[in-house]
Protein chains: 2
Amino acid sequence: MAAYKSDIEIARAAEKKPIFEIGSKLGIPQAQLAPYGHDKAKLSAEFIAEQTDKPDGKLILVTAINPTPAGEGKTTTTVGLGDGLNRIGKNAIVCIREASLGPCFGVKGGAAGGGYAQVIPMEDINLHFTGDFHAITSAHNLLAAMIDNHIYWGNEQDIDLRRVTWRRVMDMNDRALREMVSSLGGVANGFPRQNGFDITVASEVMAILCLARDLKDLEERLGNIIVGYRRDKTAVYARDFKADGAMAVLLKDAMQPNLVQTLENNPAFVHGGPFANIAHGCNSVIATKTALKLGDYVVTEAGFGADLGAEKFFDIKCRKAGLKPDAAVIVATVRALKMNGGVKKDDLGAENVAALKKGCSNLGRHVANVRKFGVPVVVAINHFVSDTDAEIIAVKEYVSRLGAEAILCRHWAEGSAGIEELAYKVVELAESGQSRFEPLYPDDVSLFEKIEIVASKIYHAGEVTADKAVRDQLVAWEEQGYGHLPVCMAKTQYSFSTDPNLRGAPEGHIVPVREVRLAAGAGFVVAITGEIMTMPGLPRSPSAERIYLNDQGYIEGLF
Amino acid sequence: MAAYKSDIEIARAAEKKPIFEIGSKLGIPQAQLAPYGHDKAKLSAEFIAEQTDKPDGKLILVTAINPTPAGEGKTTTTVGLGDGLNRIGKNAIVCIREASLGPCFGVKGGAAGGGYAQVIPMEDINLHFTGDFHAITSAHNLLAAMIDNHIYWGNEQDIDLRRVTWRRVMDMNDRALREMVSSLGGVANGFPRQNGFDITVASEVMAILCLARDLKDLEERLGNIIVGYRRDKTAVYARDFKADGAMAVLLKDAMQPNLVQTLENNPAFVHGGPFANIAHGCNSVIATKTALKLGDYVVTEAGFGADLGAEKFFDIKCRKAGLKPDAAVIVATVRALKMNGGVKKDDLGAENVAALKKGCSNLGRHVANVRKFGVPVVVAINHFVSDTDAEIIAVKEYVSRLGAEAILCRHWAEGSAGIEELAYKVVELAESGQSRFEPLYPDDVSLFEKIEIVASKIYHAGEVTADKAVRDQLVAWEEQGYGHLPVCMAKTQYSFSTDPNLRGAPEGHIVPVREVRLAAGAGFVVAITGEIMTMPGLPRSPSAERIYLNDQGYIEGLF
């Protein structure tokens with residue numbers, strides 16, 4: 001590997017074009033782009049509104065097998081495919097999520113692709129970027145402050161101190177803030193109560209920003225947030241504290257999609273980044289819809305494996321935003337398939353075709369699942385140097401038997417030149433008109449049935465279990481008019497089941513729904529099937545200890 | 001008043017020039033300005049470093065009498081004077097502080113000047129601006145997370161859980177966060193301990209950013225922060241957690257001064273905003289020093305009245321940064337002087353020359369105090385429509401008897417045209433070469449003596465009292481090598497004394513030092529003389545309830 005440059009070395013060597021030039025290729029006048037430095041810009045709401053009547057380009061989803069510690073390279077493939085499509089003459093735009101700042105200080109690693117398939121400037125994208133997440137943090141915490149302030153000044157809404165569900169957020173891995181008692185210290189500081197912080201990406205405000213059509217819709221959804229319950233169990237909304245207007249003001253700029261470029265100077269929108277467990281895990285609707293107006297092709301990704309990411313992309317984002325994906329790419333690596341076949345991480349360097357074939361069951365399940373949404377599929381084998389010919393042939397043969405194609409992609413090492421074949425295949429699928437996109441379930445079945453449909457059709461589970469309290473809660477929400485909402489499954493990303501160690505393609509397992517949460521502003525019901533961590537901690541030796549500015553003023557240790 | 005436009009109406013009607021054009025007037029190439037939108041930009045560290053050998057322009061401090069609810073208009077006068085100097089042919093640059101976002105949602109009001117003397121874009125300046133305060137929040141809280149994480153993983157440094165002094169910060173008025181118990185919820189969340197949040201402007205990181213010369217100095221100071229004490233009472237530094245490098249990385253862009261423009265398209269640096277009680281209350285050293293290289297004149301301000309703001313500007317900022325102010329403007333209003341003379345706020349509309357003359361004692365004291373630093377003084381009477389001729393004459397006569405001049409300024413209503421006379425006077429003072437700037441006390445007297453010198457010479461106090469514990473603490477710091485630091489007085493801004501109701505020019509009062517704090521990174525010792533609120537709360541009906549985006553997408557209710 002010594003011959004390879006690191007991601008950051010490659011990114012720094014890139015010949016960036018001025019961001020106005022990237023915008024100009026998309027027909028965006030300079031005045032409609034608010035620059036952030038010379039290599040980032042926000043697209044104006046005015047310009048976006050003017051595009052409404054234009055036809056849409058093709059929408060391509062990049063998803064993956066279940067993640068393993070071996071790494072799959074979903075973002076890398078998304079970026080690579082965007083470059084590949086541009087290489088073969090398409091006007092393609094990449095749409096990916098913004099990175100959370102907190103985790104960068106825990107474990108080394110970025111979220112802007114890798115190798116020769118990256119979006120730049122990667123340092124900025126992984127740190128403050130254009131300030132969107134800070135704005136979300138502010139808006140979220142303003143609402144929290146207004147709630148406690150309301151209680152302090154007499155609690156006219158009669159909100160039950162024990163039932164305030166709106167926590168605070170910080171974009172930091174900080175386990176000390178998970179659970180606390182706030183408002184201590186006497187009369188002047190309010191009424192002590194149990195409280196806590198989540199990481200910013202887990203905020204419902206993040207999910208709302210990513211699903212809102214425009215600023216008006218954003219403000220409406222913010223008002224719909226349920227922040228807690230009164231003594232009589234009725235819901236208290238953000239609107240009851242008149243917080244929605246000020247929150248929208250704080251989010252005004254954050255709602256504008258961020259334009260950056262790939263290493264090959266092709267356009268990329270990097271916007272929004274909701275959790276892929278308690279939220280839907282896709283970049284913003286406004287970025288995707290705008291990109292569809294400006295490009296022939298839009299390549300986007302969804303969080304985790306296809307069981308979580310693609311399902312939510314289809315059932316929440318596409319359903320709600322009226323998007324019609326034209327094709328899906330499922331990313332797999334030989335290494336990750338071998339892990340799914342039982343190989344330990346340390347043994348991944350050795351050829352093991354038998355384990356690989358066994359692990360392909362995971363890939364096969366995802367291919368079949370995505371087809372259930374009516375979307376044609378191609379598999380991208382993201383090439384690693386340790387892959388052997390026999391292993392690659394085995395994957396290709398397996399996928400071929402499914403009536404699909406697996407294409408070896410070398411974009412990490414070669415950029416767009418290494419992913420041309422996939423690009424041509426994607427164009428063929430998308431332009432064939434064979435996509436017949438439909439969400440998995442209709443709006444009008446019960447919330448519990450929606451969970452059951454996802455569990456049986458996608459997870460191949462035998463049963464969904466839930467306490468009476470959980471079932472009653474779902475029924476109560478249906479009676480309150482929330483029955484039409486889609487469900488957002490919070491499940492381990494490592495398995496089709498709720499057991500993270502159950503790799504491959506398990507069948508007949510039980511999906512226990514421990515808890516349900518109503519995200520009334522975002523517009524979905526979260527079904528929680530295990531321990532979901534909404535505030536990560538730092539490891540024993542966090543990467544922050546090794547991050548610094550070198551003598552040239554460059555950031556070291558972040559990637 | 002109906003004929004007058006509101007601040008926001010005036011600001012929106014302004015004909016802004018592209019920020020590159022403003023920079024170009026100062027000789028800044030486009031490549032050295034990182035734009036944030038079309039009307040804000042950050043100046044590169046590279047360009048700043050290149051200016052070192054250039055001669056300095058003249059430095060003018062705008063300070064004020066003790067603030068009253070009547071308002072003095074210090075920022076308005078700073079901006080107006082900058083425009084006035086440009087009007088009379090000087091290349092003048094305004095240097096002011098950034099606004100804190102939190103308080104904007106409490107009480108209506110902005111921090112970008114007023115009337116026809118404003119910096120724009122005022123909405124941005126009062127909200128997220130270029131993200132500096134968010135970066136400070138992140139850097140501060142990263143250190144906090146690393147401390148609790150260190151304790152969680154075994155506490156190798158043996159930091160005493162009861163003596164962690166580093167709190168967390170948020171740019172929000174949120175009293176519920178003042179005092180809390182964190183790390184509740186069991187083993188996975190760490191060791192429960194007493195904890196709390198301050199508002200971001202109270203962070204030592206803010207003070208450090210505003211005093212640091214460059215990124216290297218910033219990182220050094222961040223490492224010097226004392227975060228708590230071990231069981232053996234020795235100090236634990238941010239450096240001990242290896243947090244300084246990552247904090248500097250988070251602050252890399254925040255260290256670059258922000259360039260904006262006045263309503264009259266003259267350049268203004270808006271950068272940094274430390275508290276004026278527990279910190280020194282001035283804009284950043286880097287912005288001021290850079291402006292001195294780029295302009296003939298730099299007009300800057302300091303927080304609160306001259307007893308706090310000017311004293312700290314001289315004794316902390318100028319001392320440490322090697323700045324030599326050439327003249328000072330003391331802003332007064334007829335209304336505020338009448339309040340100092342005992343008139344109630346509701347009676348300020350009526351002429352009252354007797355009360356005015358009585359209140360002039362406050363102004364006279366400030367004039368004499370500023371002269372103690374060797375800096376020549378002019379008084380600016382910031383005109384209000386209710387001022388009568390007799391009142392204005394009375395102020396002028398009073399100041400004239402002090403051997404100085406009071407000049408009526410109508411910049412709020414008329415912009416630079418209304419402040420020409422002051423501009424000429426400032427040039428006369430500055431170019432006379434009469435300034436003989438010296439800090440009030442030398443570095444090498446004891447910390448307690450420094451407090452006594454400020455209290456006697458500036459506050460005209462009779463005595464400084466302090467418990468043995470406080471005095472012992474100061475001696476201990478002297479023994480640890482901190483004796484050379486200046487003192488940063490935390491005192492009510494409403495009076496020369498520690499009693500906020502004691503207006504005018506009290507004499508012989510007692511200054512009780514209740515507590516001392518060492519800001520080892522910022523480089524000063526804070527002497528606290530009363531209740532200092534480091535986390536404000538929201539009022540019963542916060543302005544946030546009335547802030548919203550109107551149908552044109554403009555922000556309403558913020559100003």
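**A helix pair in close view**

Author: H9(A) passes H10(A) in a right-handed crossing, a crossing being right-handed if the near helix is turned clockwise from the far one by less than a right angle, and left-handed if anticlockwise. The model is predicted: local features need pLDDT of at least 70, side-chain atom pairs count only at pLDDT 80 or more, and totals for chains, interfaces and linings use all residues. Residues are numbered from 1 along each chain as its sequence is written, chains are lettered from A and ligands numbered from 1 in the order in which they are written, and side-chain values use heavy atoms, with hydrogens and water left out.

Helices here are DSSP runs (H or I, at least four residues), numbered from the N terminus. In chain A, helix H9 covers residues 215-224 and helix H10 residues 244-251; they pack at an angle of about 135°, with their axes 9 Å apart. Axes are lines fitted to C-alpha atoms over the stretch in contact, and angles run from 0 to 180 degrees between N-to-C directions.

On the H9(A) side, the contact is made by Leu218(A), Glu219(A), Leu222(A) and Gly223(A); H10(A) brings Asp244(A), Gly245(A), Met247(A), Ala248(A) and Leu251(A). Contact means heavy atoms within 4.5 Å. The residues of this contact divide into 5 nonpolar, 2 polar and 2 charged; Leu, Met and Ala are among those that count as nonpolar, Asp and Glu count as charged, and Gly as polar.

Notes:
Helix = DSSP H or I, 4+ residues; strand = E, 2+ residues; numbered from the N terminus.
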